[in-house]
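This report looks at a predicted model.

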Amino acid sequence: MTDRPADPAASPGSPSSPAASPAAPAQPTPLPVRALDTSAEHPWPVRLLSSKITAYIDRMSPVWVEGQVVQLNRRPGASMAFLTLRDTDADMSLPVAALAKVFESASTPLSEGAHVVVHAKPVFWPKRGSFQLQASEVRTVGIGELLARIEHLKRILAAEGLFDADRKVPLPFLPAVVGLVCGRESKAEHDVVVNARARWPQVRFEIREVAVQGASAVSQVSAAIAELDARPDVDVIVVARGGGAVEDLLPFSNETLVRAAAACRTPLVSAIGHETDTPLLDLVADYRASTPTDAAKRIVPDVGEERARVLQARSRIRAAITHQLQREQSRLDSARSRPVLAAPETMISTREQQVLAARDRARRSLDAILLRAHGEVDRLAAQVRALSPASTLERGYAVVHGPDGGIVRSPDDVSPGDALHVRLANGAIDATVR
C-alpha cells in the first residue's frame, strides 16, 4: 500500500470557516503522513485508512482467478448474482459479485462445485469495510482441460520420483489397527469394515469420516491422513471412496493431497472409485486397490485360509519329520548290521593276530641278526688272535725287555750285568747278561 498525504480538508483540524477569529486557538497537530508514523497518540481516523485502501485497490488491474464455486446465490429477477470462489488446495476463499447476465453467459451452467476461471476487478467498499471481486466474465473449466492438467501434474510428480516402486512400503501381514479415511456413512466404509472383519474378526479400525468430494475434500482427506500417520498404533491407512463421475474424483488427483500421501510414513492403500478409475493417489499409494472391497481383502488375511495353511504346514512338517526319522532309523539299522558292530570282538582278535605275527617276525629277524653278528665276532677274534704277539709266543718265541723296559732286538742293546725280563707264552723270567 502506498501512503499518500491526508487531505487537509478532510482533517478534523481544518478551520471550520474563512471568517475564523484571529484570536482562535492554534490548529491541532497534522495527521501522520505515513502509516509508519502513526501512534496511539496520533492515529488515523477510519475514513482516512479506508480511503487509502480504496485508492490502493482501485489501482489494481483486473485479474483472472481460478477456483471452485462453493456458494452460488442467484435470485430470480435480481440483476446481481453472487458466489464464493474457493481455492482447491487451501482453506481460502473470496467473494465474487457480477451481473446476472455474466453468470448466464457462461459456457456451462454454473453450479456449486464447478471449477471456474473468473475475470474480475478487486473492489473495496469503504462504508462497510468489505472486499470482493467484481466479475466481468466467468468461464467453466471443462473436463478435458482438467484431465490435461492432471496429466501434466502426473509427469511432474513422476519426474520427482513420487511414483517410483522403490518408495513403496510393503503392507503388514496382520495389522492390529487399520486407519480408514472415507465419506460419512458411505458404502465404501461399509465394504471395507464388513469385509475385513469377515476375514479377520479381531481387526480394529480408526475411522475418519471426511468430505470425499467438493471444495473441502482435499484439506479434510489430507488432514485425516496426517492425523492417522502420526498415531503409532495405526499399522496401515486406507483411503476409500466409491465410484463417481470424473469431477467427483478430482480431489484425489490434487497436488496437495498427492504430496500429503507421499509424505505418509505408514503404509497407504488407495481404494478410490472403480477398476477403471486411476486418480493420482493410486500411483503414489503403497498399494492400489481396485475397489474398497479389494482393499479389505488386501489389508487383512482370511482367517479360514490361514487356518488351512497352518494345517497344511503342520501336515508337511509332520511328514518331513517322520521321513527324517525313518531315514535315520534305516541308517542306524544299516550301521548296526555291519560286522564291526554285530561282533565287536572280531576287530580285536584280528588286531591280536596281526600283533602276534609282527612279534614273531621281529623275533626271527632279531635272531638272524644276532647269529650273523656272532659269526662276525668269531671271525674278527680269529683275526685278532692270528695277529696278536701271544700267538707267536705260543710257538716258542720270547720277548726280551731290557733294563729300561724296551724290547731287546740286538746284543748291542745290552751290556754284561744288565737285568733282563723275558716274557714267555705262559709267564716270564728274569735274567742277567754275562
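## A charged pair within helix H6

In helix H6, which spans residues 255-262, Glu 255 and Arg 259 lie four residues apart, and the two are therefore separated by about one helical turn. The two residues form a salt bridge in this predicted model, with the closest N and O atoms of Glu 255 and Arg 259 being 3.0 Å apart. Glu 255 is partly exposed at a relative accessible area of 33%, and Arg 259 likewise counts as partly exposed, with 32% relative accessibility.

## Another helical pair, in H11

Helix H11 covers residues 345-387 and holds Arg 379 and Glu 376, which are three residues apart and so are separated by about one helical turn. Their side chains meet in a salt bridge with an N to O distance of 2.1 Å. Arg 379 has a relative accessible area of 38% and is partly exposed, and Glu 376, at 36% relative accessibility, also counts as partly exposed.

The search of the whole structure finds 15 salt bridges. One of them joins the side chains of Arg 231 and Glu 206, at 3.3 Å from N to O. This pair links distant parts of the chain, since Arg 231 sits in the loop between helix H5 (217-229) and strand E8 (236-241), whereas Glu 206 belongs to strand E7 (residues 204-209), 25 residues apart. Arg 231 is partly exposed, with a relative accessible area of 26%, while Glu 206 is buried, because its relative accessible area of 18% falls under the 20% that sets the limit for buried residues.

Strand E8 is mostly covered, six of its six residues being buried. Val 236, Val 238 and Ala 240 point one way from the strand, and Ile 237, Val 239 and Arg 241 point the other way, all of them buried.

E8 pairs in the parallel sense with strand E6 (residues 177-182) over four bridges, and five bridges join E8 to strand E9 (residues 268-272), which also runs parallel to E8. Val 239 of E8 is the bridge partner of Val 181, and the bridge partner of Val 239 in E9 is Ser 270. The chain passes from E8 through H6 to E9 in a β-α-β crossover that is right-handed.

## The five-stranded barrel

Elsewhere in the model, five strands form a closed barrel in the order E1-E2-E3-E5-E4, with mixed pairing. Neighbouring strands of this sheet are turned against each other by 55 degrees on average, when direction is ignored.

Strand E1 (residues 63-73) pairs with strand E4 (residues 115-125) in the antiparallel sense over six bridges, and Val 65 stands opposite Val 118 in E4. Helix H1 (residues 46-58) packs on the sheet, where H1 touches both E4 and strand E5 (130-140), and the direction of H1 makes about 140 degrees with that of E4.

## A loop position at Gly 417

Gly 417 is placed in the loop between strand E11 (399-401) and strand E12 (419-424). Its C-alpha atom is 5.7 Å from that of Thr 432, although the two residues are 15 residues apart in sequence. When neighbours within four places in sequence are left aside, Gly 417 is in contact with Thr 432 and Val 433.

Notes. Residues numbered from 1 in each chain as written. Predicted model: local features only at pLDDT ≥ 70, side-chain atom pairs only at ≥ 80, totals over all residues. Heavy atoms only, no water. Salt bridge = Lys/Arg side-chain N within 4 Å of Asp/Glu carboxyl O. Buried < 20%, exposed > 50% of the residue type's maximum accessible area, 1.4 Å probe, protein only. Contact = heavy atoms within 4.5 Å. Pairing = 2+ DSSP bridges. Axes fitted to C-alpha atoms, helices over the stretch in contact; angles between N-to-C directions. Right-handed = clockwise from strand over helix to strand, strands pointing away.
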